[in-house]
Amino acid sequence: MSDAPTPRSITKLTLVLWALPILAGFGVLALTYIVHWEPWFGFASIIAGCLLTVMLVGNHYNVGPDA
């Protein structure tokens, strides 16, 4: 039998926490259009949110340089 730990389950709270950075990026995009800033700032915020979500998922599954 393997001694490897079983992966943690994914709950609804986990999914919401993973979605928050991406949703915040879309919120910043909407704010950039409201305030008439350059839209690239909003696009960059969405990309940063996606990267943060990837980091959170990697942390959940213990994947990456800190694993």
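Rings of Phe, Tyr and Trp, the last represented by its six-membered ring, are taken as a pair if their centres lie within 6.5 Å; planes under 30 degrees apart count as stacked, over 60 as edge-to-face and the rest as tilted. The model examined here is predicted. By this criterion, the structure holds 2 aromatic pairs.

One of them joins Trp-37 and Phe-41: the ring centres are 6.0 Å apart and the planes stand at 80 degrees, so the pair is edge-to-face. Trp-37 counts as partly exposed because its relative accessibility is 47%. Phe-41 is likewise partly exposed, with a relative accessible area of 45%.

Another pair is formed by Trp-40 and Phe-43, whose ring centres lie 5.4 Å apart; the planes are at 75 degrees, so this pair too is edge-to-face. Both residues belong to helix α2, which spans residues 39-60, and they are 3 residues apart, about one turn of the helix. How accessible is Trp-40? With a relative accessibility of 63%, Trp-40 counts as exposed, whereas Phe-43 is partly exposed at 32%.

Helix α2 also contains His-60. Is His-60 buried or exposed? Its relative accessibility is 11%, and the limit for a buried residue is under 20%, so His-60 counts as buried. When residues up to four places away in sequence are not counted, His-60 touches Arg-8, Ser-9, Ile-10, Thr-14 and Trp-18.

Terms used
Residues are numbered from 1 along each chain as its sequence is written. This is a predicted model: local features need pLDDT of at least 70, side-chain atom pairs count only at pLDDT 80 or more; totals for chains, interfaces and linings use all residues. Side-chain values use heavy atoms; hydrogens and water are left out. Buried means under 20% relative accessible area, exposed over 50%, partly exposed in between (1.4 Å probe, protein chains only). Helices (H or I, at least four residues) and strands (E, at least two) are DSSP runs, numbered from the N terminus. Contact means heavy atoms within 4.5 Å.
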